[in-house]
Each structure stands twice: as structure tokens, then as C-alpha cells.
Amino acid sequence: MSIQTIGVIGAGQMGNGIAHVMSQAGYDVVMSDVSQDALNRAMETIRKNMSRQVSRGKMAEAEMEAALGRIKTTLDLADIGASDLVIEAATEREAVKQAIFEDLQPHLKPDTILTSNTSSISITRLASRTDRPEKFMGFHFMNPVPVMQLVELIRGIATDEPTYKACLGVVERIGKTASSAEDFPAFIVNRILVPMINEAVYVLYEGVGNVKSIDEAMKLGANHPMGPLELADFIGLDTCLAIMNVLHDGLADTKYRPCPLLTKYVEAGWLGRKTKRGFYDYRGEEPVPTR
């Protein structure tokens, strides 16, 4: 399968990062969203991030302009259908993802590969709602996409070998490393990472330590580049909670029970950096712990 054009559904943090690395690698990209403002912000973010690469000598100015020229944006999901590979990067809600694939289906080429950037939802289940489960797989980038080197490739029960090989070729062309994962809740990275974050929230909830002491303990005691609560704010507390719920529901093990304090923060709308408040308050010049 020769992949030349890539459709990216969703212009948020993950979607614009995916469009960035794909265009930089020479692919023609069509990025869609339901909001023109989101598309405008995405293009501004991509230009800003590429400009940073230019300033650091990692990219020439001409390469940046060429890459930006390879990205087209659209509000019409049908425009994505002509792509060789589609990467869905919408919100982490299964009903939303299923609706997107159903709306897209009439506009697809017969050989288009469908993928999802989901961080935890069953690939087999998503694939079963399409007309091409053998050409469907998980294509999970890490955040921030231009910086992080890993991509998880997740086969559903029906994914065929040519589809896997085609996606592996894309990962190699964009200069990243693929990790193959089986289709079980949260795959590899989030199966390990998010329960660790949830446990850090339990440590906070039970009063074992405050936000600052927990994050400093893990940074200095375990050599983590970022504390677990700071990382949760970066990921988004709603995303962390969604992944814990997928683990808890999918594996029926009490060790994956979401911490009530995590649920409370999400109920308050304190979702981390994107809402300016989470385990830290980001409304001032410096982040301030909220507990």
C-alpha cells in the first residue's frame, strides 16, 4: 500500500501535532475539524512549533514553508475521504469516534486505511462499526507529537498484515519508533502510566503528601522529568479519568478504580493546563499547587 495523502480528523493538541510531523515528512495532509477557530489555532500552533525548529537549526526556513504548504484545512469531513490514510484524533469518547467513522464511510476510497489515535478505547470495537475492519488499527501518538519519539501501533482482531506494514512504514518515514501493542484496554504506555498517576492522586487524597511533595518526590527520587500530578495536568485530568474508567470497566479489577479526588477535579472543570486549573493553578506567572 502506497501512502501519499493523510487525513487528520481533529485539530486539537494531538491533531495539529500529527499534521505537523506528517507534513514535515513530505506527506500531503488534510486536517478537518468542526470549528474554523480550532483549525486557525492549529495552523498557528504548527507554524509556531516549526519556527522553533528553524531557530534551533533543526529545519530550514524553506522546508518549513514547504511543509506548511502541504497542509490543507477543511470543515467538511467528506474532504478527508480521498486520503490514503485517515488518522482520527477527536476527543476520547467512543460515541464521538464511532459517529465520525460512520459519517466518513460513504466518502472513503475502497483502499483507504482507517486509524484512531485513541489512548485507550478498543480498536476491535471501533473497527467493527466500519466497513473495513481489516484496514483499521490504532495509531497512538504521544504528546507532544513533534517531540515524543514513540508511536503505539495496535492491531484489532481483524487487522491484516498489509495494513500493519503500511502504518509501520509511515512511522519509520516520520522518524519515530513503533511499539506494537495488543488490543487490550489502554495498550502499553497508558496501561502503566495512568494508574501511576491515579495512585499519585490517591496519595494526595489520603493526605500522605501535598501536590508539591508528591511531584518533587517522583522527580528527585525516581528521576522522572515531570511529577505525576504535573503530568496529569499536562495530559488533561478528563483524559486521565477516561482512561482509568476504560481500564476499570474493561478489566474489572478494583486496582483500576479512579480516585474520587480525580473525579471531583473533573466535575469542577479543573482539567489541568487547558482550563488553567488542575492540581496546579496556571492563572498567574508561576503554577501554584491547589492542594
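1. The axes of helix H8 (residues 211-221) and helix H9 (residues 228-235) come within 7 Å of each other and cross at roughly 100°, which makes H8 roughly perpendicular to H9, a label given to angles of 65 to 115 degrees. Here the axes are lines fitted to C-alpha atoms, for helices over the stretch in contact, with angles running from 0 to 180 degrees between N-to-C directions; helices (H or I, at least four residues) and strands (E, at least two) are DSSP runs numbered from the N terminus. On the H8 side the contact (heavy atoms within 4.5 Å) is made by Val211, Ile214, Asp215, Met218 and Lys219, and on the H9 side by Pro228, Leu229 and Glu230.

2. This is a predicted model, in which local features need pLDDT of at least 70 and side-chain atom pairs count only at pLDDT 80 or more, while totals for chains, interfaces and linings use all residues. Residues are numbered from 1 along each chain as its sequence is written, and side-chain values use heavy atoms, with hydrogens and water left out.

3. Because Lys219 lies in helix H8 and Glu230 in helix H9, the pair ties together parts that are 11 residues apart in sequence. Lys219 is partly exposed at 30% relative accessibility, where buried means under 20% relative accessible area, exposed over 50% and partly exposed in between, with a 1.4 Å probe and protein chains only. In the loop between H8 and H9 sits Asn223, which has a positive phi of about 60° although it is not a glycine, and which is exposed, with a relative accessible area of 69%.

4. The structure holds 13 salt bridges. In one of them, Glu88 pairs with Lys97 with the closest N and O atoms 2.6 Å apart, and both of these residues are buried; Glu92 joins Glu88 and Lys97 in a network of salt bridges. A further salt bridge links Arg125 to Glu94, with a closest N to O separation of 2.7 Å; Arg125 lies in helix H5 (residues 123-128) and Glu94 in helix H4 (residues 94-104), so this pair ties together parts that are 31 residues apart in sequence. Arg125 is partly exposed, with a relative accessible area of 43%.

5. Lys176, in the loop between helix H6 (161-173) and strand E8 (177-181), deserves a separate check. A polar atom of the Lys176 side chain does lie 2.8 Å from the backbone oxygen of Val145, and, leaving aside neighbours within four places in sequence, the contacts of Lys176 include Val21, Phe141, Pro146 and Val171.

6. The peptide bond from Asn143 to Pro144 is cis, with omega near 0°, and Pro144 is placed in the loop between strand E6 (136-141) and strand E7 (150-155). Ala186, in the loop between E8 and helix H7 (189-205), has a positive phi near 75° although it is not a glycine, and Ala186 is buried at 0% relative accessibility.

Key. A polar contact is a pair of N or O atoms within 3.5 Å; within protein, one must be able to donate a hydrogen and the other to accept it, and residues adjacent in sequence count only if both atoms are side-chain atoms. Angles under 35 degrees count as roughly parallel, over 145 as roughly antiparallel, 65 to 115 as roughly perpendicular and the rest as oblique. A salt bridge is a side-chain nitrogen of Lys or Arg within 4 Å of a carboxyl oxygen of Asp or Glu.
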